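Please work through the exercises below with the sequence and the structure at hand, and try each task before reading its solution.

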Amino acid sequence: MKNSLIKGLMVFLTMLCTGLTYSQDVSGTVSDSSGPLPGATILVKGTTNGAQTDLDGKFTIKKVGPNAVLVFSFIGLKSQEVKVGGKSTVKVTLTADNAELKEVVVIGYGSVKKKDATGAVDQINSKKFDNVAATNPASLLQGKVSGVQVTSSSGEPGGGMSIRIRGTSSIRSGNGPLIVVDGVPLDGGDTAAGGADTGLGTSSAKSPLNFINQNDIESMSILKDASSTAIYGARGANGVIIITTKKSKSAEPTLNYSSSVGFSSYASKFEGVLSSAQYLAAGGTNAGSTGYDWKKAVLQNGLSYNNDLSYGVRSGNSSTRISIGASNTEGIVKNSGIDKYTISMSNSTEFLGGFLTLEPKIMYAGIRDKSAMISNNAGYIGNIIGSALYWNPTLPIYNADGSYHVKGNDYLNPVQLENAYTDYTNTSRILASMNTKIKINNHLKYNFLFAVDNSNSSRKSQLLPTMQISGVAQTTYAQDGNTYYGQANITNVNKFNKTFEHTLDYNKDFSDNFNLDLIGGYSYYNYNFNQNGITGIGFNPNQTNLIDDVQGSITWKDGTFGSASYRNEVNLQSYFARATASLYKNLNVNATIRKDGSSKLGANNKYGNFYSVGAAYKIFDSKEGLVNDLKIRGSYGLTGNQEFTPNSAIAFASYVSPTSLGNQINSNPNLKWETTLSSGIGLDFTLLNNKLTGGFDYFQRSTKDLIFAKDGTSTQPSPNSNQFVNLPGTLENKGYEISLSYKILNTQDLTWDISANTSFLSNKLKNFPLFVPMGAINGQGLSGATAEVLQNNAPLYSYYMFDYKGLAADGSSIYTDANGNPTGLGTASKHLLNKTALPKMSAGFTSSFSYKGFDAAVSFYGAFGNYIYNNTSEALFFKGAFPLRNITPSVASSTQSASDPNTPSTKYLEKGDFLRMGNLTFGYTLTSKFLEQAKIKSARFYVNGQNLLLFTKYTGFDPEVDVNKTFNGVPSAGIDYLAYPKSKTISFGVNVNF
């Protein structure tokens with residue numbers, strides 16, 4: 001009995017001591033290579049007991065047993081397990097996880113390890129685009145991500161760029177992806193006006209993304225399928241690009257300065273036009289002058305400067321980063337370029353012991369664009385590029401007295417036009433947000449995001465009255481009956497957008513084998529757009545500043561001056577939810593639903609429901625040997641397209657006088673969303689001891705309820721006018737993508753890796769009820785001509801034209817009739833060609849190398865299987881233009897008859913295949929005692945080359961072109977017309993870290 005009591009007492013004391021031991025607290029710090037690491041997760045292995053590090057990397061976990069194992073993890077870093085062993089303080093340093101599948105990717109309303117993602121998501125970080133000067137951040141994606149095609153409209157600094165993710169999903173609505181900057185969805189429209197029409201055509205607005213300083217970007221995530229984009233609902237059909245800006249990561253203050261200077265020059269292999277000697281040899285009329293060179297007349301060598309300074313610090317419960325940037329870029333066309341000045345500030349501060357976190361961010365940009373007279377749709381008179389090309393090389397530019405030589409009012413002196421035209425745009429834009437986070441408990445967090453995006457832009461242009469052009473910028477003054485020339489245009493654009501988003505995030509590990517993450521939210525977006533402008537025509541010949549004296553025009557005096565104003569407001573309200581579950585560490589599933597309501601839609605279809613489901617199964621996970629990671633995934637979902645014209649569903653009209661209406665749209669209360677149903681499967685893998693990483697995707701996308709403006713419809717008692725309707729039929733896209741990355745060498749001193757990606761795409765309109773001409777063609781005798789068509793069972797942007805078969809003995813062109821037989825133009829028939837402007841294949845390749853302080857990198861990208869319509873060649877270079885106008889050597893030597901018309905045909909249709917070296921960089925990083933004494937941590941010097949090599953058979957300026965040739969409101973693709981030439985640039989730069 002006594003022994004039993006003693007044994008019971010011992011058991012009780014053992015349990016008591018054990019209980020006291022388990023009540024021990026463990027604290028410590030977690031760091032990475034940069035210093036203390038905030039947001040790292042610490043869990044007691046086998047339990048749900050855990051904590052997260054604060055801004056100083058510190059943590060405390062209560063009730064930890066003496067033999068417990070702590071698991072330290074942070075996305076993108078290798079997890080580490082540490083035995084407590086009775087210690088009350090633990091210090092851990094996490095190292096980088098070089099396996100690409102283990103990197104963190106930012107997704108909608110959160111982030112995830114790529115190896116756990118159920119959707120098709122790619123990300124590039126700042127290390128992959130450092131030292132590449134990019135006015136537009138979109139250019140950083142060129143050739144880097146499979147399934148993403150980025151095409152510049154021209155070589156103009158700051159010019160527009162089209163981004164297509166997995167093809168084109170609409171025939172008239174926007175096809176660009178939704179851009180999200182630090183959680184704020186941008187509205188997708190232009191922030192500046194396009195060039196006003198002086199009679200020589202209009203020009204496109206510059207890229208709205210130019211306000212972002214590339215040196216402020218930490219990463220760009222590309223969401224490509226429904227599983228990843230459905231959380232954005234009606235704005236996710238064209239994919240989503242999430243831009244995340246940099247934050248301060250180091251507890252030690254850091255100061256970074258970078259500077260570069262670049263030298264640009266004309267890069268095209270275009271054969272050029274006849275020199276004065278060639279012109280005379282071909283039978284041209286000698287006007288007495290020699291030495292004219294079209295390139296010297298209107299082109300120049302460009303000079304660019306880029307300077308950036310950033311400061312970051314993290315101390316206590318607060319983290320701050322501030323940056324300023326200044327860049328000045330001269331274009332290679334005279335009187336063109338862009339100056340950009342940026343300021344950004346971000347802060348994150350914890351209050352109440354981490355219960356409340358406030359994250360204010362501000363990005364400001366002041367941009368000044370300067371444009372030359374380069375338009376999308378100039379007629380036969382041409383713009384500055386056209387006039388420089390067709391100018392008789394034996395004509396003088398200047399007369400003996402120094403005045404400009406004038407050939408005629410429809411034959412422009414390119415240098416006079418260059419100096420008579422002024423066009424500049426001043427744009428200021430501020431994107432400011434406040435993110436409020438409340439940590440309700442360890443599993444539940446609330447987030448409120450409020451943001452404003454305000455831009456003000458003023459575009460001013462003038463054509464001097466000394467530039468007298470037939471039918472352009474002229475009017476007759478009633479008081480004296482004389483004709484006066486000159487035109488001034490001022491266009492102001494203001495946008496003010498507001499974002500309100502509330503989200504709740506619940507995340508809990510119920511066990512080692514089950515994690516659940518739930519997100520629910522409400523968002524409201526308000527977009528306001530205002531535009532007004534004024535045009536004055538007819539000025540005193542002695543006036544030189546027309547922009548600031550519009551009231552001096554004849555049209556102002558007689559009351560016929562042009563003025564216009566326009567505004568619209570769009571509201572978007574949304575409810576959304578997403579559930580993500582991880583089961584047994586191998587299976588990840590998610591489901592998303594979003595309900596969007598938009599003021600753009602008809603009264604009967606204001607709201608739409610969008611959804612997705614996705615699953616991923618890890619067959620191998622972090623194994624050693626031949627196969628390290630292997631994951632199969634699939635997704636299915638429905639998304640929508642918000643980017644169509646405001647006021648499309650309501651009865652809308654504008655007065656052009658007190659008694660007459662101009663633009664009119666008839667109402668359609670049943671107008672509804674364009675929706676895209678997507679499905680896809682994918683495979684992600686890491687092989688050969690984490691040396692080879694890659695992925696494969698196959699996808700299908702089907703868009704229905706295509707929005708289109710039909711002519712001649714009426715809603716009584718309104719007159720016949722356009723009405724936006726949903727057409728029957730679908731637009732199908734399908735394709736597959738492959739990406740590979742291989743680490744050839746990976747030692748402490750020597751690294752070498754290569755990566756490549758390619759994608760294949762096809763599309764087709766099915767059950768489409770209309771035949772829609774598109775792709776406007778310009779030039780003498782070409783008014784109203786088109787080159788492309790929308791038609792059932794044909795791909796988008798299919799070419800429709802006469803099929804050119806060569807020249808007859810008399811020099812006339814041979815075409816084909818309806819049966820394909822050779823014939824002359826009079827009996828020829830147009831044909832739907834099995835040729836399209838969209839590439840069937842795109843590819844990219846990059847390689848980087850480093851040895852101790854030396855580094856080098858190269859990148860290529862290209863597109864294949866598409867055709868380009870060379871409207872420049874058709875409009876300018878035909879035998880009938882000579883000898884009045886200059887032509888190319890190949891046309892001069894042809895047997896074409898001077899009476900043979902320049903009819904739109906396959907004669908001007910060329911393969912657009914190209915492979916371009918995007919960038920080549922060599923650098924060296926200095927770290928020495930001398931630098932340390934100067935308080936400099938490192939200094940890197942580099943030289944970078946852009947667009948140094950181009951492989952193509954296209955005979956125009958450049959195959960990477962997309963001039964806006966909209967016809968009756970339907971956009972085009974693949975047409976080249978007097979585009980701004982591309983340049984090659986050599987830059988020298990330095991990055992200094994203090």
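**Exercise 1.** Work out the strand order of the open sheet of three strands, and name its edge strands.

Solution. The order is E41-E42-E43, with antiparallel pairing, where strands are DSSP runs of E of at least two residues, numbered from the N terminus, and two strands pair if DSSP finds at least two bridges between them. The edge strands, each pairing on one side only, are E41 (806–807) and E43 (822–823). E41 joins E42 (residues 813–816) over two bridges in the antiparallel sense, and Leu807 stands opposite Ser813 in E42.

The model is predicted, so local features need pLDDT of at least 70 and side-chain atom pairs count only at pLDDT 80 or more, while totals for chains, interfaces and linings use all residues. Residues are numbered from 1 along each chain as its sequence is written, and side-chain values use heavy atoms, leaving out hydrogens and water.

**Exercise 2.** Decide whether Thr903 is buried or exposed, and find its contacts.

Solution. Thr903 has 11% relative accessibility and therefore counts as buried (under 20% relative accessible area; exposed is over 50%, partly exposed in between, with a 1.4 Å probe and protein chains only). Leaving aside neighbours within four places in sequence, Thr903 is in contact (heavy atoms within 4.5 Å) with Phe802, Tyr815, Leu825, Glu874 and Tyr908.

**Exercise 3.** Find the residue that lies over the face of Tyr390.

Solution. Arg885 lies there, at 4.0 Å from the ring centre; the rule asks for NZ of Lys or CZ of Arg within 6 Å of the ring centre and within 35 degrees of the ring normal.

Conventions
Helix = DSSP H or I, 4+ residues; strand = E, 2+ residues; numbered from the N terminus.
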